[in-house]
Amino acid sequence: MTQRWELLRFRFAAPERRRGDFLAFTTGTFPFSDRVRETFHDLFAAIGEVLPIEIDGVPHFVLNVLRRVDALDLERSEYTTFAENKIASVERHAFFPAVVRDESIFLVKQRLNVLYATADQPDSSRDFRKRVLELGYNGLEFKPVWSAP
């Protein structure tokens with residue numbers, strides 16, 4: 001998509017509000033500041049494309065995740081589906097430990113546009129959650145959904 005991408009320009013409805021390093025847009029988008037892009041460029045490039053956008057004249061970016069992993073253990077998870085057996089929501093997550101072990105951030109094949117982050121990666125430079133918290137970036141909330149057995 002990078003080759004066909006045209007810069008999108010947005011305006012905040014309430015420009016006086018303070019903005020975070022990570023922003024909330026619509027489901028399936030993962031927008032962030034230039035500061036975040038600089039920090040996580042290699043990590044983001046390993047799973048997708050970093051595409052430029054502009055918000056109120058300020059450069060920002062979105063992550064277009066191209067790599068999805070077959071990590072959700074459907075037999076042990078509890079979830080609801082909609083058309084084409086795509087997962088609408090997950091009430092109880094269960095992942096395949098061997099699949100997520102080396103993942104830092106990922107999308108699962110069966111679910112649309114929910115980005116997951118693992119905690120306590122052996123390589124701290126790839127531990128997205130830990131680095132976001134250590135660097136004091138704001139705008140993301142990490143919710144525990146599963147613990148490896």
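Me: What does the side chain of H60 reach?
Reply: In this predicted model, the H60 side chain reaches the backbone oxygen of V58 at 3.0 Å.

Me: Where is the place of H60, in which strand?
Reply: H60 belongs to strand β4, which covers residues 58-65.

Me: Is H60 buried or exposed?
Reply: H60 is buried, because its relative accessibility is 9% and the cut-off for buried is under 20%.

Me: Which residues is H60 in contact with, leaving aside its neighbours within four places in sequence?
Reply: Apart from those neighbours, H60 touches L23, F32, S33, L51, P52, I53 and I55.

Me: And L63, buried or exposed?
Reply: L63 also lies in strand β4. With a relative accessible area of 5%, L63 is buried.

Me: Which residues is L63 in contact with, again leaving aside neighbours within four places in sequence?
Reply: The contacts of L63 beyond those neighbours are F30, F32, F44, I47, G48, E49, V50 and I105. For one of them, V50, the C-alpha atom is separated from that of L63 by 4.8 Å, although the two residues are 13 apart along the chain.

Me: Changing topic: what order does the open sheet of three strands have?
Reply: The order is β5-β8-β9, and the pairing is mixed. The edge strands are β5 (68-69) and β9 (116-117), each pairing on one side only.

Me: In which sense do β5 and β8 pair, parallel or antiparallel?
Reply: β5 pairs with β8 (residues 105-108) in the parallel sense, over two bridges.

Me: What is the bridge partner of V69 in β8?
Reply: V69 has V108 as its bridge partner in that strand.

Definitions and conventions:
Residues are numbered from 1 along each chain as its sequence is written. This is a predicted model: local features need pLDDT of at least 70, side-chain atom pairs count only at pLDDT 80 or more; totals for chains, interfaces and linings use all residues. Side-chain values use heavy atoms; hydrogens and water are left out. Helices (H or I, at least four residues) and strands (E, at least two) are DSSP runs, numbered from the N terminus. Buried means under 20% relative accessible area, exposed over 50%, partly exposed in between (1.4 Å probe, protein chains only). Contact means heavy atoms within 4.5 Å. Two strands pair if DSSP finds at least two bridges between them. A polar contact is a pair of N or O atoms within 3.5 Å; within protein, one must be able to donate a hydrogen and the other to accept it, and residues adjacent in sequence count only if both atoms are side-chain atoms.
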